[in-house]
Amino acid sequence: MLLVKNGRVLDPASNTDAAMDILLDGETIREVAPAGKIAAPQSAELFDATGLIVAPGFIDLHAHLREPGQESSETIESGTRAAERGGFTAVCCMPNTKPVNDNASVTRFIVDRAKAHGSVRVWPIGAASVGSKGEAIAEIAAMKDAGIVAVSDDGKPIATAKLARQVMEYCRSLNLPVIEHAEDVSLAAGAVMREGVTSTRLGLRGMPAAAESVCVARDVELAELTGARLHIAHLSAKASLEQVRSAKSRGLRVTCEVTPHHFTLIDEDVTYDSRFKMNPPLAAREDREALLAGLADGTVDTIATDHAPHEPALKDVEFDKAPFGILGFETALSLALEQLVHCGRISLMRMVELFTAGPARVLGLERKIAAGQPGDLTIFSLDHSWTYKVKESSSKSRNSPFDGRTFKGGAMSTIVAGKIIHKR
């Protein structure tokens with residue numbers, strides 16, 4: 001048994017904000033009670049959470065663990081170690097591995113590797129199309145039986161409206177969300193950053209914001225047609241957010257996520273440093289302001305990292321040639337505190353919701369601190385001062401624009417299935 005005592009429990013699902021103790025028995029929560037009211041056996045391990053926030057285990061809806069096939073950039077073992085340091089107890093891994101996770105055998109491989117080597121829960125996302133090539137629908141039902149929690153062709157959109165409709169209809173019957181990397185590839189072709197004054201000044205080919213919002217518009221229409229659950233990944237454009245807001249107002253089952261780098265940085269921050277290259281690219285100032293408003297008013301359902309490791313040999317090249325993507329696990333919570341909570345943009349409860357109940361709802365799950373629930377907890381500080389040094393990261397890659405940044409607040413301990421797997 002493990003008794004977490006003297007902490008401030010924040011649980012959006014039950015609207016709890018109080019000094020509570022939590023007793024974990026094996027892999028589940030056994031009892032939750034006001035501080036000092038739990039009579040735990042003397043053999044129970046004690047965790048003193050005085051001065052700390054105790055929240056349901058954080059879920060990351062969008063990550064790349066690179067296994068199988070790209071183990072030089074990340075493995076399930078190294079990626080989940082980085083996730084635990086960031087306070088995440090569960091991560092959803094995208095299917096753009098080598099081979100692509102488009103069939104049950106690859107799904108089972110990921111599930112088995114995660115059980116053997118992963119320190120946090122790993123929930124695979126299956127490809128929407130065979131090989132993510134956008135030609136034929138993948139073996140989605142068989143992958144669901146093997147353990148996927150959603151489908152996506154992430155890294156690119158589902159190629160055609162016809163195929164997207166077929167995928168949505170099929171996934172509706174399976175009660176699986178369709179996660180869309182929204183990008184019109186004809187508008188985005190060859191682009192390496194967001195189109196604007198900065199791209200012109202740097203002489204880099206720019207991608208218009210419409211490359212995202214045009215695809216979001218297509219998919220919202222198809223979600224209305226099919227009744228499917230549609231989730232827009234790494235939303236970055238103001239127009240895209242307005243379409244999601246409109247879809248929600250019409251009662252459609254449309255959700256979206258925003259990454260910490262998109263609510264922190266803008267296109268004006270881009271230099272020729274490839275650590276600032278990601279897809280969608282860093283957006284305009286007005287887009288960031290719209291994202292911050294969406295995070296505050298409830299339009300945005302979750303914060304997701306889009307953790308995208310690339311080994312230094314791939315990333316340390318000319319900006320044009322470098323792959324898209326940055327690390328995200330270890331800085332997400334601290335960036336959310338810095339950019340959203342400490343400056344008063346959103347409440348602490350709302351931030352916790354964006355990491356817990358929000359992503360759980362997207363997946364059709366429940367995430368709360370209550371007896372009988374999984375023993376997954378994220379314990380964090382609001383004022384612990386620390387500096388992110390990417391060379392000390394548990395990830396095998398080093399591609400972060402936040403290297404050397406000093407934060408106020410961050411993950412202090414991560415508990416998965418009743419076990420303390422990380423403690424700062």
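These notebook entries record what I looked up in the structure.

**Basis**

I worked from a predicted model, in which local features need pLDDT of at least 70 and side-chain atom pairs count only at pLDDT 80 or more, while totals for chains, interfaces and linings use all residues. Residues are numbered from 1 along each chain as its sequence is written, and side-chain values use heavy atoms, with hydrogens and water left out.

**Overall form**

I began with the secondary structure and found 14 helices and 17 strands in the protein. Helices (H or I, at least four residues) and strands (E, at least two) are DSSP runs, numbered from the N terminus.

Along the principal axes, the C-alpha atoms fill a box of roughly 65 × 45 × 45 Å.

How much of the protein is buried? I noted 60% of the 424 residues, where buried means under 20% relative accessible area, exposed over 50%, and partly exposed in between (1.4 Å probe, protein chains only).

For contacts (heavy atoms within 4.5 Å), I considered those with a separation of 6 or more: residues 24 or more positions apart account for 75% of them.

The exposed surface comes to about 15,800 Å², of which carbon and sulfur atoms supply 48%. Accessible areas come from the Shrake-Rupley method with a 1.4 Å probe.

For charges, I counted Lys and Arg as positive and Asp and Glu as negative, without His and the chain ends. Each charge is placed at NZ of Lys, CZ of Arg, CG of Asp or CD of Glu. The mean positions of the 48 positive and 54 negative charges are 2 Å apart.

Which strands pair with strand 1 in the parallel sense? I found strand 4 (residues 45–48), over 4 bridges, and strand 5 (residues 53–56), over 2 bridges. Two strands pair if DSSP finds at least two bridges between them. V4 has F47 of strand 4 as its bridge partner, and V9 stands opposite V54 in strand 5.

Strand 2 (residues 16–25) pairs with strand 1 in the antiparallel sense, over 8 bridges. In strand 2, T16 is the bridge partner of D11. The hairpin of these two strands has 4 residues between the strands, and there N15 takes a positive phi near 55°.

I found Q166 in helix 4 (residues 161–174). Q166 is partly exposed, with a relative accessible area of 36%. From C-alpha to C-alpha, Q166 lies 8.9 Å from T226, although the two are 60 residues apart in sequence.

Helix 13 (residues 348–355) is mostly covered, with 8 of its 8 residues buried. Its buried residues include the charged types R350 and E353, along with L348, M349, M351, V352, L354 and F355.
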